[in-house]
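Please open your viewer and get ready to select residues by number.

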Amino acid sequence: MAEFFEVPNETIFTMETTPLKFGPGATGEAGYDLKRLGVRRPLLITDRGLMRTGLPDRVCRVLREADFAADLYDDVHVEPTDASWEAIASYVKDRDYDGFVAVGGGSVIDSAKAANLFTTYPAPLSDYLNKPIGKGLPVPGPLKPLVAIPTTAGTGSETTAVAVLDILSLHVKTGISHRFLRPTLAIVDPLNTLTLPPMATAYPGFDVLTHALESFTSRPYDARPRHTPDQRPVYVGRNPVSDLWCEKALEYLGRSLRRAVLNGYDMDARTDLALAATYAGIGFGNAGVHVPHALAYPIAGQVRGFVPPDYPPKAPLIPHGLSVISTAPATFRWTFPTSPERHVRAAQLLGANVGGVTDAEARHVLPRTLLELMRDTGIPDGLCALGFGEADVTNIVEGALKQERLLACSPRAVEADDLAEIVRESMRHWT
Ligand SMILES: [Fe+2]
């Protein structure tokens, strides 16, 4: 009987997520939830940009009303680095916190995951970092409670088991993935996103969109090599359950991304985006993302002069969502043959009229739908508009090839030439 199951393919998928509290005003219940989780001495983690919005102070007030001392660490680095993770871990060390509240976007929530890990199970950074850059050792056991309160509708970090950082000395972006990194509770409150300016809505919105699309088109869980339970990766590939979350996220984005960017006070659109970010986080947090995310890391890492509107401080930066969407249309033209029906279905969920699409046109439906959405929401016209040219193709491709964990989720085998073609096709979108 045992031999019957000895097939080379994976036959099992897993689905894990963070418990969720969702709705306008949910932030006000953070104190109740910390108590419920048994926390007595929490540290609130945020960044300086968010401090200016007043939100972390409001959360501190909520915690004080629940009789917590509510210490605050506001020095998270936007786009965290090995140095910034070390700084927060050494701040937390010896301070006797028994829980964390992260108020911010992906950078803050990921830094809180790291602070929790490196002070609960101290070890050199490289021990836990993903292979091939680190040793990829498993997290030894459960961490302290972490309540994540996202302030953008973007990364989905509040539901994922991943924390990402830049390794400064290697000029490479990598991370740690392990189920114990997942926050204990996500408090998603659309009111926290109401005042985000247009591009601070659009870029994270496109991050959500690529999470959903990449997961929806990723290599199926049962078309990958078999794993033992302890070696099975966090990203298992698309499966019937991740599809549900991704499809719903695409539907919400299709009806509300434009609206939220063009009128930030549209509460229904903000609610849709917050839900979409969470749904896509659950979908990709289990299925995985592939080529656009692998390419996004070297693209963001090699920024030259591009200064994004609506982002403080006024320094060169390619926000994560912008770097991922830049190569998405070309990628989905390339992945189309692996699942034509999924690509057309995704376009339909985003609002495209796919009735009467011929076989010859089908390949272009999803890329065209994305480009229309990008153009309507102020996304720049391709990598050229971000300062890149032909001379950068090799470096971007080399950087992407290091993202083995992500490329393993690509629905077709990826060679350097494929990536180079996708990058070249992404230089200009519509001129
Ligand atoms: Fe992302």
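## The second largest pocket

Let's begin at the second largest pocket, whose lining residues divide into 11 nonpolar, 8 polar and 10 charged. Keep in mind as you look around that this is a predicted model. The volume of this pocket is about 960 Å³. To find its middle, select Ser177, Gln231, Arg232, Pro233 and Val234: of the 29 lining residues, these are the closest to the centre. Now colour strand 7 and helix 16, the elements that give two or more residues to the lining of this pocket.

## Into the cavities

Why look for spaces with a probe? Rolling a probe the size of a water molecule over the atoms shows where empty space is left.

How many cavities of 30 Å³ or more are there? The count comes to 4. The largest cavity has a volume of about 110 Å³. Select Asn130, Lys173, Thr174, Gln403 and Arg405, which are the closest to its centre among the 14 residues that line it. Keep your colours on, because strand 7 (172-177) and helix 16 (404-407) are the elements that give two or more residues to this lining as well. By class, the lining of the largest cavity holds 5 nonpolar, 4 polar and 5 charged residues.

Next, move to the second largest cavity, with about 60 Å³ of space. Residues to select in its lining include Pro150, Glu158, Val188, Asp189 and Ala274. Which helix gives the most to this lining? It is helix 9 (residues 267-287), with 3 residues. The lining of the second largest cavity is made up of 6 nonpolar, 3 polar and 2 charged residues.

Side chains of opposite charge can pair when their charged atoms come close. Across the whole structure, a search finds 24 salt bridges, and we will visit a few of them.

Start with glutamate 29 and lysine 21. Their closest N and O atoms are 2.6 Å apart, and the two form a salt bridge. Is glutamate 29 buried, partly exposed or exposed? Its relative accessibility is 39%, so glutamate 29 counts as partly exposed.

Jump to arginine 48 and aspartate 74, another salt bridge, with 3.6 Å between the closest N and O atoms. Arginine 48 belongs to helix 2 (residues 48-51), while aspartate 74 sits in the loop between strand 3 (71-73) and helix 4 (82-92), so this pair ties together parts that are 26 residues apart in sequence. Both partners can be checked for accessibility. Arginine 48 is at 47%, so it counts as partly exposed, and aspartate 74, at 22%, counts as partly exposed too.

For the next stop, select arginine 342 and aspartate 243, whose side chains meet in a salt bridge at 2.7 Å, N to O. Arginine 342 is in helix 13 (residues 340-349) and aspartate 243 is in helix 8 (residues 240-262), so the pair links distant parts of the chain, 99 residues apart. Are these two buried or exposed? Arginine 342 and aspartate 243 are both buried.

Finish by selecting Lys21, Glu29, Asp33 and Arg36 together. Salt bridges that share partners join these four residues into one network.

Conventions: Residues are numbered from 1 along each chain as its sequence is written. This is a predicted model: local features need pLDDT of at least 70, side-chain atom pairs count only at pLDDT 80 or more; totals for chains, interfaces and linings use all residues. Side-chain values use heavy atoms; hydrogens and water are left out. Buried means under 20% relative accessible area, exposed over 50%, partly exposed in between (1.4 Å probe, protein chains only). Helices (H or I, at least four residues) and strands (E, at least two) are DSSP runs, numbered from the N terminus. On a 1 Å grid over the protein atoms alone, a cavity is a set of points where a 1.4 Å probe fits but cannot get out, and a pocket is an open set with protein on both sides within 12 Å along at least five of seven lines; lining residues have an atom within 4 Å of a point. Grid points are joined across faces, edges and corners, and a volume is the space filled by probe spheres set on the points. Ala, Val, Leu, Ile, Met, Phe, Trp, Tyr, Cys and Pro count as nonpolar, Asp, Glu, Lys and Arg as charged, and the others, Gly among them, as polar.
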